[in-house]
Amino acid sequence: MQNNFDVAAQSQSVLATNKVLRNTYALLGFSLIPTVIGALIGMTMNFSFAAQSPMLFFIFALGAMFGMFYLIKANQNSSLGVVFLLGLTFLMGVMLGPILQVAFSLSNGGQIVGLAAGGTA
């Protein structure tokens with residue numbers, strides 16, 4: 001015979017799991033907003049400074065990304081961690097700018113980007 005207390009504990013565990021999954025997917029969807037904004041800004045930027053000194057730009061970009069990783073990890077138990085996560089997605093969007101410029105310069109660039117975006121959604 002099954003104890004009623006066990007059933008109640010199991011249903012609360014399932015509800016807690018569903019809440020965590022719902023919050024995770026909501027944060028994932030919300031993080032696309034700064035990524036798209038960063039990509040739009042990155043497409044309008046002139047990255048000629050990166051072409052003039054690619055190693056310096058690489059070191060700066062890598063340092064900025066790992067700095068954001070550190071800030072997210074250091075603030076993982078506060079709401080400031082979410083702000084840093086959104087800042088990281090914005091930075092990643094800016095870094096997508098030159099790639100999107102090249103893709104949109106192709107004759108079927110819009111289709112390529114649309115297919116890639118639809119395939120990841």
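Partly exposed means a relative accessible area between the buried limit, under 20%, and the exposed limit, over 50%. The views below show a predicted model.

**View 1. Phe-49 sits in helix α2.** Helix α2 covers residues 48-52, and Phe-49 is part of it. The relative accessible area of Phe-49 is 40%, so this residue counts as partly exposed. Phe-49 also belongs to a nonpolar patch on the surface.

**View 2. A nonpolar patch lies on the surface.** Two elements, α1 and α4, each give two or more residues to the patch. The most come from α1, which gives 5.

**View 3. The largest pocket holds about 570 Å³ of space.** Its lining draws two or more residues from each of α1 (4-44), α4 (80-105) and α5 (109-120). In total, 17 residues line the pocket. Nearest the centre of the pocket are Leu-32, Thr-35, Val-36, Ala-117 and Thr-120. Helix α1 supplies the largest share of the lining, 8 residues. By type, the lining has 14 nonpolar residues, 3 polar ones and no charged ones.

**View 4. Gly-67 lies in helix α3.** This helix spans residues 54-74. Gly-67 has a relative accessible area of 27% and is therefore partly exposed. In sequence, Gly-67 and Leu-88 are 21 residues apart. In space, 9.4 Å separates them, C-alpha to C-alpha.

Technical notes:
Residues numbered from 1 in each chain as written. Predicted model: local features only at pLDDT ≥ 70, side-chain atom pairs only at ≥ 80, totals over all residues. Heavy atoms only, no water. Helix = DSSP H or I, 4+ residues; strand = E, 2+ residues; numbered from the N terminus. Buried < 20%, exposed > 50% of the residue type's maximum accessible area, 1.4 Å probe, protein only. 1 Å grid on protein atoms, 1.4 Å probe; cavity = no way out; pocket = protein on both sides within 12 Å on 5 of 7 lines; lining within 4 Å. Points joined across faces, edges and corners; volume = space filled by probe spheres on them. Nonpolar A, V, L, I, M, F, W, Y, C, P; charged D, E, K, R; others polar. Patch = residues over 30% accessible without salt bridge, like charges linked within 9 Å, V, L, I, M, F, W, Y side chains within 5 Å. Areas by Shrake-Rupley, 256 points an atom, 1.4 Å probe, with all protein chains shown as cover. Salt bridge = Lys/Arg side-chain N within 4 Å of Asp/Glu carboxyl O.
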